[in-house]
Amino acid sequence: MTQVELQEKANLPAHGEQPKVTHWREYFSFSTDHKVIGIQYLVTTFIFYLIGGVLATAVRTELATPESDFVAPDVYNSLFTVHATVMIFLWIVPAGTGGFGNYLVPLLIGARDMAFPRLNAIAFWIIPPAGLLLLSSFLVGAPGAGWTSYPPLSVVSGKPGEAIWILSVLILGTSSILAAINFLVTIWKMRTPGMGWNQMPLFCWAMLATSALALIATPVLAGALILLSFDLLVGTSFFNPTGGGDPIVYQHLFWFYSHPAVYIMILPFFGMISEILPVHARKPIFGYKAIAYSSLAISFLGLIVWAHHMFTSGTPAWLRMFFMITTMVIAVPTGIKVFSWLATIWGGKLRLNSAMLFAMGFISMFVIGGISGVMVAAVPFDIHVHDTYFVVAHLHYVLFGGSVFGIYAGFYHWFPKMTGRMLNETWGKVHFVLMLVGFNMAFLPMHKLGLEGMNRRIASYDPKFTTLNVICTVGAYILAVSTIPFIVNACWSWIAGPKAPDNPWQGLTLEWMTTSPPPPENFEKDPVLATGPYDYGMGDRRTQVEVPLDEPRNPVLAAGPDSVLRADPDPAVAAHPDDRQGESHNR
Amino acid sequence: MKIPSSILTLLVGIVLTLVSLWYGQNHGLLPIAASEEATLIDRLFNAMMTISTGLFLLVQGIIIIAAIRFRQRPGDDTDGPPVHGNVPLEILWTAIPAVIVLGISIYSFEVYGEIGGLNPMDHSVAHAPSHQQVAKMPGAALAKRAGTAFAATLTEAESATDTENRNQQLQEKVLEDPATAKFRKELPQLRDSSDVGVTSGRIGPTPDKQGQDPEFFVNVTGLQFAWLFSYPGTDVTAGELHLPLGREVKLNISANDVIHAFWVPEFRLKQDAVPGRQTELRFTPNRIGEYPLICAELCGAYHGVMKTTVIVQTPEDFQNWLAEQQEVASSEALDRAVAVNPAERSDAEFLAPYASEMGIDAETLHSLHHH
Ligand code: HEM
Ligand SMILES: [Cu+2]
Ligand SMILES: [Cu+2]
């Protein structure tokens, strides 16, 4: 079956005759349009982000004083447990893969929809109930054993919330598996004719790596959680030493998923940053292949480093060394990416708009998290800082400084495409500055706290740590406030912002070749690659961009004679879609 | 005057290196080091700090300089140069992180060996167990097994067995502590606490002490929410850890209910206490003083107050303390041990306001159990 047929077949049952513009009610319905689903994901997960943020603010408020005086200690444990669970399973993972992945992948590869549109909608619609289920646990005794939910604590704590936690994470994991299958098939099978692997935008490479990881690792988590629920509800003892079980086994299973999960959380944003930088730096991405293949390398290596979370638990010496080395090795592909990004912006013509600022903020903050990551990979040092605020700082630099900055960069960059309206740049910059200041104030001092002896997950701490904690708390409040300009800006601009042109940033990837927002099936005709995705500075950019979609263009010329990403002229893909051999394009 | 850019780069490089070298040694981020192992780990950290500072300054510098120097000027909407890649450069910066992490790995490996992480699992596996080794095993199962085998001939083994039992009795006693007992009694696994099984996870003897027995050892038990220390061969059980200066000690760490983690920041050492397993730490404190001993693994509502003190004293002071403890009638000693453990502090300062909270907890648990 050809790609076109496959694409048509995939789309047929899902799409009937559709209107040109998406009605607002569409966003509250079981739509099968990947763009609607993408926006549904983004808005839903953003709401969960705000909830997670409120919980984080409560955590920081408790930590403003050394005593445990704001909430009861077990409530405190529930706060950070649900905070982390919401942030990971209901914000970063679904926003990156479900939100941006859904919205962008079909557009970037020139497809009309995902391979399995209904599956796609189902994957989305099981998220809100799972999220509400998790939050409902506050009514009956929220989980308090941390987002890791280590037994025996999670099993003996006797909180009904632990069972609710397991169930909601299982549901969220299911959603993520369904989405992963869909992405793999879509990227594999539905690229527009003429788009080889090496003409594919880097975000698609990142989604390929992410989806493979999600598909391999998530079932292991499901297994661990099902066994844990037996221990909890039925009284088996897979992980409970009382009956001969072993709590360390749970840790192995849990981290076999949850370490890869941190790459599931960050890889999509690596991809997005690789899309955003070249557009606003007006330069080709540096080292396309290095960036593309390093995503795959990270994905593979990510599967064999899990026990670095267990250096102090029950791990034998040789195992600690093995996992130390594999963990260190991940720094290599990651370093390649960072250096390539730096080389991309070096010597460009940087348009320092909000999207670009967040993208550069992403690199800057992620590098700090990455450096402390190499440090904690060193076993002797990790023995000191494991389970301390040093780790809390490290993980927030990666997940907040990385993923969340990445999400915002994406929001500012693709908002005009998604809504057909421009965001206000001034408020965008206010947002960026507040967030950068608040973020560093909240998390930088945590490195020192951890090194000096403040352990994590505690409601009351030694008074000698008060000053630094007050700084962190003030930073967290600034961070919370920084969201306000964004929300106001996004809501206002969506309704009444200035109309966005089809290609406001003069981008070369395919999503900019259609209207803003794109019509239900994305493209009027199958888009033809006229250029590599990053061929900036080749001298004929303006002409390419302004060629109406159904006008002939010459791939060889447009890509520029020097472009390594140039699509080789393919006899099956003539310059003009209607001239293609052997393929019918009547819809 | 125009300075050639290669010289400028060189100068920047030199400054960067000097700053990194200086900060790597003078960051002042760590608490004082109070064990021989800590000094080694600090050296590793300083090396990593040096490299990290350099990388940090390099990357942030590039980003900031790019933002200033290469920003788009008003009226200029040309593109940058169409540079797609540069193979030698790409190879170079694949090599740079590779060499750095290789270096850090090798150094970490060495430090790990020096602090005793790489020693073969347990030489008692290879040799016939000596009375020392019997004595060092906490946990009733191992001790009992050893006890039946050797008790007839080895008095010390007997005393070890006693100690183990006493440790267990003591734990029972702690369970009766009004502050926490009500809550803890309900925990199912406490009713038939399983015994210590596999030994895993340990920092063993440093290479120069390999094959020797530690100078002495202490059994450490973590339970919600207190640490208990018993000194085998004596009747002493305490809620604070007393250690003589400069003598290598081995801790046999176990947990009674959930996972806890033994952490003394000044020793730079941490080891989880895992129920059903036995873990070990072997180290030499080398600085007199009192240091916090913290539970680093989330273990329940009062995890944050599960801490006590390590007291490193001169061998004489330590002997005096030990003798003093011995003198007190054993039941009183037990009470004392309970009294000084953090549960008491929790009681007075912390648990009291939440007593009603606890009641609810216990009831909830109770009802759960009877359904
Ligand atoms: C509003 C900004 C945020 C603040 C102020 C904040 C604050 C905190 C604090 C203080 C903790 C430590 C709890 C403890 O160990 O006692 C924590 C834990 C955590 N946070 Fe955040 N956080 C924020 C945003 C995020 C984001 C965006 C993520 C993204 C994934 C995230 C993921 C986590 C995780 C995974 C933990 C570990 C929880 C645990 O130890 O079980 N946080 N957060
Ligand atoms: Cu504990
Ligand atoms: Cu604890």
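1. Let's start where the two chains meet. Across the interface of chain B and chain A, 17 residue pairs are in polar contact, with both partners at pLDDT 80 or more. Keep in mind that this is a predicted model. On chain B, the elements that give two or more residues to the side touching chain A are helix 2 (36-69), helix 3 (87-114), helix 9 (188-191), strand 1 (198-203), strand 8 (269-273), strand 9 (277-283), strand 10 (289-295) and helix 13 (355-369). Helix 2 of chain B provides the largest share of that side, with 16 residues.

2. Now for the extent of that interface. The size of an interface is often given as the accessible area lost when the parts come together. For chain B and chain A, the buried area is about 7800 Å², and carbon and sulfur atoms give 67% of it. In residue terms, 93 residues of chain B are in contact with 100 residues of chain A.

3. On to charged pairs between the chains. The count between chain B and chain A is two salt bridges. A salt bridge also joins the side chains of Arg282(A) and Asp79(B), at 3.2 Å from N to O. Over all chains, the count by this rule comes to 10 salt bridges.

4. Which residue does Arg268(B) meet in a salt bridge? The partner is Asp42(B), with 2.6 Å from N to O. Arg268(B) sits in the loop between strand 7 (260-264) and strand 8 of chain B, while Asp42(B) is in helix 2 of chain B, so this pair ties together parts that are 226 residues apart in sequence. Arg268(B) and Asp42(B) are both buried.

5. Asp387(A) and Arg456(A) form a salt bridge, and their closest N and O atoms are 3.6 Å apart. The pair links distant parts of the chain, 69 residues apart: Asp387(A) is in the loop between helix 13 (379-385) and helix 14 (389-419) of chain A, and Arg456(A) is in the loop between helix 15 (425-452) and helix 16 of chain A. Both of these residues, Asp387(A) and Arg456(A), are buried.

6. Another charged pair in chain A is Lys35(A) with Asp33(A), whose side chains meet in a salt bridge at 3.2 Å, N to O. Are these two buried or exposed? Lys35(A) and Asp33(A) are both buried.

7. Staying in chain A, Thr473(A) is part of helix 16 (residues 466-496). Thr473(A) counts as buried because its relative accessible area is 3%, and the cut-off for buried is under 20%. Setting aside neighbours within four places in sequence, Thr473(A) is in contact with Arg60(A), Thr61(A), Leu63(A) and Ala64(A).

8. Some overall figures for chain B. It has 13 helices and 11 strands. Of its 371 residues, 52% count as buried. Among contacts in chain B between residues at least 6 apart in sequence, 74% join residues at least 24 apart. Chain B exposes about 16300 Å², and carbon and sulfur atoms supply 61% of that area.

9. Last, a surface feature on chain B. Ile7(B), Leu8(B), Leu10(B), Leu11(B), Val12(B), Ile14(B), Leu18(B) and Leu21(B) form a nonpolar patch on the surface, with about 740 Å² of accessible area together. One of these, Leu8(B), lies in helix 1 (residues 5-26) of chain B. With a relative accessible area of 41%, Leu8(B) is partly exposed.

Key: Residues are numbered from 1 along each chain as its sequence is written. Chains are lettered from A and ligands numbered from 1 in the order in which they are written. This is a predicted model: local features need pLDDT of at least 70, side-chain atom pairs count only at pLDDT 80 or more; totals for chains, interfaces and linings use all residues. Side-chain values use heavy atoms; hydrogens and water are left out. Patches are made of residues with over 30% relative accessible area and no salt bridge: like charges are joined within 9 Å, nonpolar side chains (Val, Leu, Ile, Met, Phe, Trp, Tyr) within 5 Å. Accessible areas come from the Shrake-Rupley method with a 1.4 Å probe; for residues, only the protein chains shown count as cover. A salt bridge is a side-chain nitrogen of Lys or Arg within 4 Å of a carboxyl oxygen of Asp or Glu. Helices (H or I, at least four residues) and strands (E, at least two) are DSSP runs, numbered from the N terminus. Buried means under 20% relative accessible area, exposed over 50%, partly exposed in between (1.4 Å probe, protein chains only). Contact means heavy atoms within 4.5 Å. Buried area is the accessible area (1.4 Å probe) that two parts lose on being put together, summed over both. A polar contact is a pair of N or O atoms within 3.5 Å; within protein, one must be able to donate a hydrogen and the other to accept it, and residues adjacent in sequence count only if both atoms are side-chain atoms.
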